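Please look at the sequence and the structure below, and then follow this short report on how some of its parts are arranged.

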Amino acid sequence: MSPRVLIRHADVLVTMDDEGREIADGAIAFQDGVITAIGTSADLAPLADGAEVIEAHGCVITPGLVNTHHHLYQTLTRAVPGGASTSLFGWLKTLYPIWARYTPQDVYAATRLGLAELALSGCTLSSDHLYLFPNGVTLDDTIAAAASVGLRFHPTRGSMSVGESAGGLPPDSLVEREDAILADTIRVIDRFHDPRDGAMVRVGVAPCSPFSVSQDLMRDAALLARDKKVMLHTHLAEDKDDVAYSLERFGCRPGQYAEDLGWTGPDVWHAHCVQLDATEIALFSASKTGVAHCPCSNCRLGSGIAPIRAMVDAGVPVGLGVDGSASSDAGHLLAEARQAMLLQRVALGAEAMTPREALRLATRGGAQILGREDCGQLTPGKRADLVIWPIDDIASAGSWDKVAALALAPPLAARDVFVEGRAVVREGELVQASRAEILTQARSSLSRLMSLS
């Protein structure tokens with residue numbers, strides 16, 4: 001049994017529970033990865049005896065942020081010339097040749113770099129969508145990287161099977177045979193997926209997109225995922241080109257395409273969904289199909305403003321994602337929460353989304369669409385995934401409403417981050433991994449990739 005930890009004297013403890021409780025002079029206790037008590041510091045004072053006590057004056061405590069969509073391998077291809085000012089399809093065509101040169105070492109280095117960035121900015125649980133496997137790359141490379149940083153991880157075994165010669169977008173060199181895709185998907189699920197509460201790794205099934213895999217693979221992937229009782233993930237309705245492709249090639253809109261192939265339900269979450277119409281939103285609401293909203297990436301690629309207000313009001317499960325670092329260029333979920341809020345206000349007016357709604361999307365909303373009922377809120381019995389935010393530092397000092405400040409005037413970084421009760425970040429520094437080593441590995445891979453361009 002590990003020692004009990006008590007964090008006390010937070011200016012506010014944000015529970016994200018069903019009642020939305022916010023506790024002034026808040027305190028939280030946890031042991032063996034599980035939250036055992038929350039309340040005021042006075043309420044929990046008796047728990048200080050024999051505990052490791054951490055003071056949180058001038059701070060706000062929240063559940064850990066949950067990242068529902070990322071391509072961590074892309075962290076080595078930020079700000080690539082030729083892709084900095086183009087829409088989705090042109091951006092992909094610029095980057096595919098670079099990604100084709102990746103090795104397992106490059107993917108490992110990129111994943112560690114991206115996860116370190118997420119951890120330092122308050123993320124405790126991240127999904128990842130790896131859909132290309134050149135030169136011996138496997139999903140195992142990303143899982144090893146996540147273990148070294150200490151984040152809870154939901155990797156998805158992505159795939160591309162329709163190359164340019166067959167009318168798809170990716171080059172033929174980056175596609176795989178569909179029988180090999182399914183066989184390797186079974187392998188990684190059997191080896192790594194953990195369905196239990198508190199699991200540090202769960203594996204999903206994630207064909208890349210309707211324009212890079214066949215209808216047969218989409219159907220087979222859904223059948224496989226449900227046989228293995230794992231979740232399904234893909235890109236959907238990301239921009240107008242995506243919708244036009246679906247109409248031309250499949251004769252229907254993306255939402256109907258997903259429904260026809262078995263890609264709706266509470267075990268499915270789709271990335272982006274910028275171009276969903278009212279009928280598709282109603283379909284996702286009725287089926288409880290999740291949406292990973294990636295506002296910064298959508299802005300960067302000019303994809304549009306996703307109708308998140310309409311989705312949330314209709315009951316569609318929505319979380320936030322930072323998307324790949326080649327399209328968003330950054331991995332800071334508070335920045336995504338702020339951008340999500342601002343975009344809805346641009347589209348619908350200043351009252352369209354509150355700071356607290358945006359924070360809920362970044363925490364409990366994300367946990368919900370990843371199927372993690374054990375995470376996303378600070379209540380006894382849930383996992384001890386939490387963040388201590390410094391609200392009295394330069395970026396946030398002067399804030400009157402310190403909870404709203406997390407979305408309106410977000411701290412540049414988290415002070416402390418705990419995952420499963422274990423410290424991942426303390427006083428703004430990584431605990432389980434070396435910042436210097438991560439940067440050295442990333443620079444080495446980047447140098448090699450640039451030399452080949």
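Predicted model: local features only at pLDDT ≥ 70, side-chain atom pairs only at ≥ 80, totals over all residues.

The crossing of H2 and H14 is left-handed. On the side of H2, the contact involves residues including Tyr108, Ala109, Arg112 and Leu113, while H14 contributes, among others, Ile438, Leu439, Ala442 and Arg448. Sorted by class, the residues of this contact are 9 nonpolar, 3 polar and 5 charged.

A second pair of helices, H11 and H12, is likewise described as oblique, and the crossing of H11 and H12 is right-handed. Leu334, Ala337, Met341 and Arg345 of H11 meet Pro355, Ala358, Leu359 and Ala362 of H12, so that the contact counts 7 nonpolar residues, 1 charged residue and no polar ones.

| Helices | Axes come within | Crossing angle |
|---|---|---|
| H11 (residues 333-348) and H12 (residues 355-369) | 9 Å | roughly 130° |

Is His270 buried or exposed? His270 is buried, because its relative accessible area is 0%, and buried means under 20%. A polar atom of the His270 side chain lies 2.9 Å from the backbone oxygen of Trp263. Beyond its neighbours within four places in sequence, His270 is in contact with residues including His233, Leu236, Trp263, Phe284 and Val291.

Definitions and conventions
Residues numbered from 1 in each chain as written. Heavy atoms only, no water. Axes fitted to C-alpha atoms, helices over the stretch in contact; angles between N-to-C directions. Helix = DSSP H or I, 4+ residues; strand = E, 2+ residues; numbered from the N terminus. Parallel < 35°, antiparallel > 145°, perpendicular 65-115°, else oblique. Left-handed = near helix turned anticlockwise from the far one by under 90°. Contact = heavy atoms within 4.5 Å. Buried < 20%, exposed > 50% of the residue type's maximum accessible area, 1.4 Å probe, protein only. Polar contact = N/O pair within 3.5 Å; in protein donor to acceptor, adjacent residues only side chain to side chain.
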